[in-house]
Amino acid sequence: MNAPILKLFGLVLVLFAALVGMTSYNSVINAEEYRDNALNKRPQIEQAQIKRGVIRARDGSLLARSVKDEDGLYQRRYSARARRFSHVLGYDYALGIGRAGLERERNAALVGEKDEVTSIVDDLSGERRVGDNVVTNLDPRAQQVALNALDGRRGSVVALEPATGKVRVMASTPGFDPNALRRPANYSRLSQAPNSPLFNRATQAGYAPGSTMKVVTAAAALDSGEFTPQSTVSGKSPIIVSGVPLKNFSDRQFGAIPLTTALTNSVNTVWAQVAQRLGRNRMAQYMERFGFGSDPPMDYPDAQMFASGVYDLRRNALIPASSRRVDIGRVAIGQERLRVTPLQMAMVAATVANGGVRMAPHITSRIVDTDGRVVERIEPKASERVMSAESAGQLTQMMSDVVREGTGTAAALEGIEVAGKTGTAELNIARRINQPWFVGFAPRSAPKVAIAVTLENVIGGQGGVVAAPIAKQVMQELLR
Amino acid sequence: MNARNRELFALIPASLLLTAGFAAVFIQRENLLNDLSLTYGAIFLALCLAAHLVLRMTLPDADPYLFPLVAVLACFGLVMLYRLDEELAREQAQWFVVGLIFFTVTIVALRRDHRVLERYRYVIALGGILLLLLPRLGNPVNGAYLSFDAGPISFQPAELAKIAIVIFLASYLRDTRQVLVIGARRFAGITFPPLKHLGPLLAVWGTAMLLLFVIQDLGSSLMFFGGFLALVYVATNRISFVLIGLGLFALGARALYAIRPTIESRVEAWLDPFDPDLFQREVGGSYQVAQSIFSQADGGFFGQGFGQAIIQLGDNPAILPAAHTDFIYAVITDELGLLGAVAVLLVYLLIVERGFKTAMLATDSFSKLLATGLTAVLALQVFVIVGGVTKLIPLTGVTLPFISYGGSSIVANFILLALLLLVSDRARREAAHP
């Protein structure tokens, strides 16, 4: 009977080899995939056992910190001040509703994720893992000014530092209390609320830009060499664009006027003709240089950013501006199916202010370890030269005229020259529902701040009347 | 060096392992080394020495490695339980004492000649079957009748019944193996056992099936039936008999699969544990298997270290359920990594090797079959639970011998060890002095 016993032992060896194989597969070979499985909450639990770093505003004030709960896990607590920054900051409730905003984007730093070698050394030396702290560029006072000026209306204000791309203000109203989201019930209630308080209008909302788009059209006109600020174009109204009559605001008539005048008075028919003469390809080229067509290169989750551009509204998909299906004459004046975010328009203003070079916007200033050593400093990064410095200078001159004597006078600051452009997208002409805009920058000669302001569905509201004063207040605070 | 001295030396690493293990858990927990770890080590060493003395006096020639190997597993299990819950470890330690008493009683009672068991084979078989039916009096747990509550003690009779069935089969097959082979007929390329001797074997199959239907415990049935097939194979050396048996078991299991929702959901959970619907199902879903695999994925090659596995948060429901019983292997993989898990499997494999070696050395058929059956059942039990936990096969709850928490399991497996040592003692003595 010994031969079958030996064979039986052989079978046991095979079965145990299968066990070893399966254990290897689970624990080593396929472990990474299992760790990433959506049902697997272990990585989040592990991270909740780490003291998550704090998030601070530019002035050092505390926005988010972590406290240990009775289960030994760290829970996020947001300061009263954080409420101003609810959207840009986001939240970290990884074991509940998840993560959003900067909390999500900077998660690796906040939980102190290190490279393999460092973490092995830390393990061996018994070093307890702690998260690094994040210091932002956000300015609590200017943010509060923006929120006060928005005054409970739905809208957004974005202010950037043109030379660096630092995000100084990113307001979206209505906001929410990030502490309330600790309870998932509150989250589901807010996510279904009619005025979408969880939605970051600064980065996620696609609005009709109205005449602020003429800044992009003017940049294309000047930088392509086809036009100068003094080139004259007929401003008669209406004209036929793509087979449909296009009128000026209040059907106002102009003769042959230089582009400068056409921007100061926001003459639709002139800019539509300019774009038609430049052609759809050139317009598309400059839009792309300004960052249209892709998510802004900002340190913020892609899932919470909207790419500005012309949209097929039924399929909710981008159409290239060079497409034959696009009425480029109307795109040039911010009509058609053009949808832009306040962040995108702030980037347009900042690019002009920065001599034609577009900088990548960034919320984070630096990542600092618990001992105060800087782990990573977010350096200014140029995304692209959109236009020559000369074109940018000419455009700045034209935009200063807008604020000095045109539609944007309400944004003018005492003793500081402001450049800008207003916009009023007429969403429902019969009911006079408008989307007012202002984009601009100051001081004109050495810009320190570029801004975009917009509000949703204002009855009869004009950009120069409603949005420009808000921009003025925020710029004033930032230039103090 | 004689066998018992070798055993004594082999026990030293087991005690060191235990002490080191407790020390590691302590350091992890308190950041300081408490002398309690040494106390645990000392108590365990004392128990081992007591058992060793029993063996020295009663079975001087028995295999010297079996007991130390089991001691390694037992102390390892104790450390794991201590890490999970101090109270469980204390209770388990008490069960070790009870187990060692049964171990001693078995050895003392049978030390003259364990073959007296043959005389009572029908009583033992009947007893085994009655034991299995006991839980029918109680309430099912997770759809299976696994345990019987006698006062404060919950008792899982399947653990003891497996030994009873092996004893019966070893004895029965010793009688009939010759006729089974000689009377065999070839038909359609397959060798069939003679019909008139097939009856009792079919009866065994029927019993296994009946048990499967009555207690609805696929894991134990698989163990019994696997042990049965292993014995038939070793007794007759006919692989065709095994294939026929497997076919019959598959038929029965298929029938059960169709009518019992418990088993169907186990198979579903095995095929796709990460299906969100199955994962969230309150009863009979795949949550446990999925968590077991996630837990192993945390382990990696070297493991996270004692006390690092995520098992429970506060008073919330456990993240890894049944960590001290069915899923202890997942905790081992999580905390000690692939390396630790394979080391545990290796110890089992060494025990199996010693068991089969004992069977090969034994001179009489009953002893050979008994040692083979006991060893095969032990190996199968490890395979069934580790296979289930690692998703190699559908999960069916049996204990991981000597490691999982559970009194019945400890007692039964110590009796199993006692029987193996009894066979070994006689076989080695006869081999040494023919």
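Guide: Two strands are said to pair if DSSP finds at least two bridges between them, and strands (E, at least two residues), like helices (H or I, at least four), are DSSP runs numbered from the N terminus. This is a predicted model, in which local features need pLDDT of at least 70 and side-chain atom pairs count only at pLDDT 80 or more, while totals for chains, interfaces and linings use all residues. Residues are numbered from 1 along each chain as its sequence is written, and chains are lettered from A and ligands numbered from 1 in the order in which they are written.

In chain A, strand β7 (residues 155-160) runs antiparallel to β8(A), and six bridges join them. Within this pairing, S156(A) stands opposite S172(A) of β8(A). Six residues lie between the strands of the hairpin, where G165(A) takes a positive phi near 85°. A residue is called buried if 20 or more other C-beta atoms, placed from the backbone, lie within 10 Å of its own, exposed if 12 or fewer do, and partly exposed in between. Strand β8 (residues 167-173) of chain A is largely enclosed by the rest of the structure, because seven of its seven residues are buried.

Another buried place in chain A is S211(A), which has 28 other C-beta atoms within 10 Å and belongs to the loop between α10 (201-204) and α11 (214-223). Leaving aside residues up to four places away in sequence, S211(A) touches several residues, including S266(A), I333(A) and K421(A), where contact means C-beta atoms, placed from the backbone, within 7 Å.

Conventions: Contact = placed C-beta atoms within 7 Å.
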